[in-house]
Amino acid sequence: MMSSNWGTELWDQFDSLEKHTGWGIDFLERYTKFIKERADIELSYAKQIRSLSKKYQIKRGREDESRLV
């Protein structure tokens, strides 16, 4: 269990704390970059799927619509 003076207990651990914090920052930067790239890919994919869907969508005239109702 941690005591209330944990800051004074870690005073000599500056290098390891700095390394750990740096690793966390690096990880978050790489993760952010990954998420942004993935979002760009998914957005492009969604646009292409919409375009493909519109291209092959069956064109219905008013006569067809009245028969379906």
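1. Arginine 38 is partly exposed, its relative accessible area being 45%. On this scale, buried means under 20% relative accessible area, exposed means over 50%, and partly exposed lies in between, with a 1.4 Å probe and protein chains only. Arginine 38 and glutamate 42 are 4 residues apart in helix α2, which is about one helical turn.

2. On the basis of the values: this is a predicted model, in which local features need pLDDT of at least 70 and side-chain atom pairs count only at pLDDT 80 or more, while totals for chains, interfaces and linings use all residues. Residues are numbered from 1 along each chain as its sequence is written, and side-chain values use heavy atoms, with hydrogens and water left out.

3. The overall layout is helical: the protein has 3 helices and 0 strands, in the order α-α-α along the sequence. Both element types are DSSP runs numbered from the N terminus, helices being H or I of at least four residues and strands E of at least two. Of the 69 residues, 0% count as buried. The accessible surface of the protein is about 7300 Å², and carbon and sulfur atoms account for 59% of that; the areas come from the Shrake-Rupley method with a 1.4 Å probe, and for residues only the protein chains shown count as cover.

4. The salt bridge count comes to 2. Besides the pair in point 1, arginine 30 forms a salt bridge with aspartate 26, with the closest N and O atoms 3.2 Å apart. Both residues lie in helix α2 (residues 14–56), at a spacing of 4 residues, about one turn of the helix. Arginine 30 is partly exposed at 48% relative accessibility, and aspartate 26 is partly exposed at 35%.

5. The count of aromatic pairs is 2. Tryptophan 23 and phenylalanine 27 form a stacked pair, 5.7 Å centre to centre with 10 degrees between the planes. The criterion takes rings of Phe, Tyr and Trp (its six-membered ring) with centres within 6.5 Å; planes under 30 degrees apart count as stacked, over 60 as edge-to-face and the rest as tilted. These two residues lie 4 residues apart in helix α2, about one turn of the helix. Tryptophan 23 is exposed, at 51%, whereas phenylalanine 27 is partly exposed, at 37%.

6. The rings of phenylalanine 27 and tyrosine 31 have centres 6.1 Å apart and planes at 15 degrees, so this pair is stacked. Phenylalanine 27 and tyrosine 31 again sit in helix α2 with a spacing of 4 residues, about one turn. Tyrosine 31 counts as partly exposed, at 45% relative accessibility.

7. A nonpolar surface patch of about 640 Å² is made by Trp23, Phe27, Leu28, Tyr31, Phe34 and Ile35. Patches take residues with over 30% relative accessible area and no salt bridge; like charges are joined within 9 Å, and nonpolar side chains (Val, Leu, Ile, Met, Phe, Trp, Tyr) within 5 Å.

Notes. Salt bridge = Lys/Arg side-chain N within 4 Å of Asp/Glu carboxyl O.
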